[in-house]
Amino acid sequence: RMTRVIGSCACAVVYIPIFIRIYQNIHVMSRAQVSSNSTKKLLRTTTTVVLITLNTILLFTLPDIILLVNPKTTSNFFYILNLNKGVVNLVIFFATQTTLREATYAFIKCKKYSVARASVSKMSKM
């Protein structure tokens, strides 16, 4: 458990400068009047990374810390949290990544989906 806690916390710490840098880039891009589509993509990707990091801390690291501090605690609830981490990650990806969501819907409906066509059609609507 300690290895997972240290690894998860280390990853979260590594993401902090990345978040700061992306935040700065978004502000520079908005001032330079770069395409709003590029800014939206960067913001959506940043949101995805932030949500997945928070998910890891809340459903993976925090339960392990609680079990390390208080080993007498029943671990069934924490085990369920760890199992659901992957499901929550899928929900996060589908909520934040439009292309993935559209490709999945097309797959479910047995239609062909082209990422290149989707990108071109979205750009032509702007």
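Of the 126 residues in the protein, 24% are buried, where buried means under 20% relative accessible area, exposed over 50%, and partly exposed in between (1.4 Å probe, protein chains only). The model is predicted: local features need pLDDT of at least 70, side-chain atom pairs count only at pLDDT 80 or more, and totals for chains, interfaces and linings use all residues. Residues are numbered from 1 along each chain as its sequence is written, and side-chain values use heavy atoms, with hydrogens and water left out.

The protein contains five helices and zero strands, and its elements run α-α-α-α-α from the N terminus on. Helices (H or I, at least four residues) and strands (E, at least two) are DSSP runs, numbered from the N terminus.

The UniProt annotation "transmembrane region", from an unreviewed entry, covers residues 5–23 and 43–69; UniProt positions are given in the numbering used here, feature names are shortened, and annotations may be inferred rather than shown by experiment. Residues 5–23 are 100% helix and 0% strand, with the end C-alpha atoms 27 Å apart. Residues 43–69 are likewise 100% helix and 0% strand, and here the end C-alpha atoms lie 37 Å apart.

A nonpolar surface patch of about 930 Å² is formed by Met2, Ile6, Leu51, Leu54, Ile57, Leu58, Leu62, Ile65, Ile66, Leu68 and Val69. Patches consist of residues with over 30% relative accessible area and no salt bridge, like charges being joined within 9 Å and nonpolar side chains (Val, Leu, Ile, Met, Phe, Trp, Tyr) within 5 Å. Accessible areas come from the Shrake-Rupley method with a 1.4 Å probe, and for residues only the protein chains shown count as cover. A salt bridge is a side-chain nitrogen of Lys or Arg within 4 Å of a carboxyl oxygen of Asp or Glu. Helices α1 (2–31) and α2 (36–69) each supply at least two residues of the patch, and α2 gives the most, with nine. Leu51 lies in α2 and counts as partly exposed because its relative accessibility is 34%.

One aromatic pair is present in the structure. This pair, Phe77 and Phe78, is edge-to-face, at 5.7 Å centre to centre and 65 degrees between the planes. Rings of Phe, Tyr and Trp (its six-membered ring) pair if their centres lie within 6.5 Å; planes under 30 degrees apart count as stacked, over 60 as edge-to-face and the rest as tilted. Phe77 counts as exposed because its relative accessibility is 53%, whereas Phe78, at 10%, counts as buried.
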